[in-house]
Amino acid sequence: MTTPGTLEGLRHLASGKVRDLYAVDDRHLLLVASDRISAFDVVLDDQVPAKGEVLTGLTRFWLELLGDLVPNHLAGWRASELPAGARHLAGRAMLVRRLQMLPVECVARGYLAGSGWKDYQATGAVCGIPLPRGLRQADRLPAPIFTPATKAQTGHDQNISEAEMAERIGAGIAAHLRELTLEVYRRGADHAARRGILLADTKLEFGLLDGEVVLADEVLTPDSSRFWPAGGWAPDSSPPSFDKQYVRDWLERQTWDMTPPAPRLPPDVVAGTAARYRECYERLVGRPLDAWLAEARRS
Ligand code: PZK
């Protein structure tokens, strides 16, 4: 279906856990979101139907919403805009402009979760940003914070201070990325809250094109962000993620040491997870996922 390395006429460049990247020409790449799913850092053997279309449809929605804030890498998504060998992937594929990627992960957090919670427990701060005492896991922060990280080749990204970020990419660009990331978070969190979803945090990637900062990669998707159902949020807990709740809950009940391979998922867990991804798209975008698929395949 979306096996990496086998797209006709396109050279495979790289694969992440979920997405595959291909060269199109000097100036363009093809970014394909598969139906693969990871949990506890392991890619499962089961796929979640239409998960890739949810990631791509959401990214396209947010990039349009954010178009007045920052230029982005999206160059085409309709079947007619994709390379001939990739038209069958319309809905899950994006033609993107080839950027010089900036080697930092730009993270904004509105709530205390994941590595932010861990750092806070150990130091009372996140990426060197001091926070009030007495915060609990999943607490809302007094204001959203910018917590950059470096891309680790293996394992987890490493949180860094803004000073370290400035050393890597320059103080001017670092300050610009900080403001863009916080504004993307504020707009995304605002929009999601009106649809009953909390945006706990999100990770963005940027690149340069002709000296201009450009928003890249996937944007405000369940794979790059923590979405929590607003109704299920409570401090002092690890709120279930909107999308992977069934998978994690089920895996936690199995006898598994969290090294590959993971146990195969029962059909009802796969179906429940697919329904959650679809619901995530439909709540945030306000339109059926099938409308996105039809639009992408039409032309
Ligand atoms: C780029 N990645 C991460 C994503 C992978 C790896 N517009 C761009 N121009 C140049 N490079 C990239 C992008 C984007 N987006 C993104 N690595 C390079 C990545 C998906 C699968 F294997």
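Analyst: Starting with the backbone of R97: one of its polar atoms is 2.8 Å from a nitrogen atom of the ligand. Keep in mind that this is a predicted model.

User: How much of the ligand's accessible area does the protein cover?

Analyst: On its own the ligand has 470 Å² of accessible area, and the protein covers 83% of that.

User: Which elements give two or more residues to the shell around the ligand?

Analyst: Those are β1 (11–15), β2 (19–25), β3 (28–33) and β7 (93–97).

User: How many residues surround the ligand, and which are the closest?

Analyst: There are 14 residues around the ligand, and A14, S15, H73, R97 and L99 are the closest. By class, the shell has 7 nonpolar, 3 polar and 4 charged residues.

User: What does H73 do with its side chain at the ligand?

Analyst: A polar atom of the H73 side chain lies 3.1 Å from a ligand nitrogen. The H73 side chain also reaches the backbone nitrogen of D217, at 3.1 Å.

User: And D217, what part of it is 3.2 Å from the ligand?

Analyst: A polar backbone atom of D217, and the ligand atom at that distance is a nitrogen.

User: Back to H73. Where is it found?

Analyst: H73 is in the loop between α1 (51–65) and β6 (74–76).

User: Buried or exposed?

Analyst: H73 counts as buried because its relative accessible area is 4%, and the cut-off is under 20%. Leaving out residues up to four places away in sequence, H73 touches residues including L31, L63, M94, V96, V214 and A216.

Notes:
Residues numbered from 1 in each chain as written. Predicted model: local features only at pLDDT ≥ 70, side-chain atom pairs only at ≥ 80, totals over all residues. Heavy atoms only, no water. Near = heavy atom within 4 Å. Polar contact = N/O pair within 3.5 Å; in protein donor to acceptor, adjacent residues only side chain to side chain. Areas by Shrake-Rupley, 256 points an atom, 1.4 Å probe, with all protein chains shown as cover. Helix = DSSP H or I, 4+ residues; strand = E, 2+ residues; numbered from the N terminus. Nonpolar A, V, L, I, M, F, W, Y, C, P; charged D, E, K, R; others polar. Buried < 20%, exposed > 50% of the residue type's maximum accessible area, 1.4 Å probe, protein only. Contact = heavy atoms within 4.5 Å.
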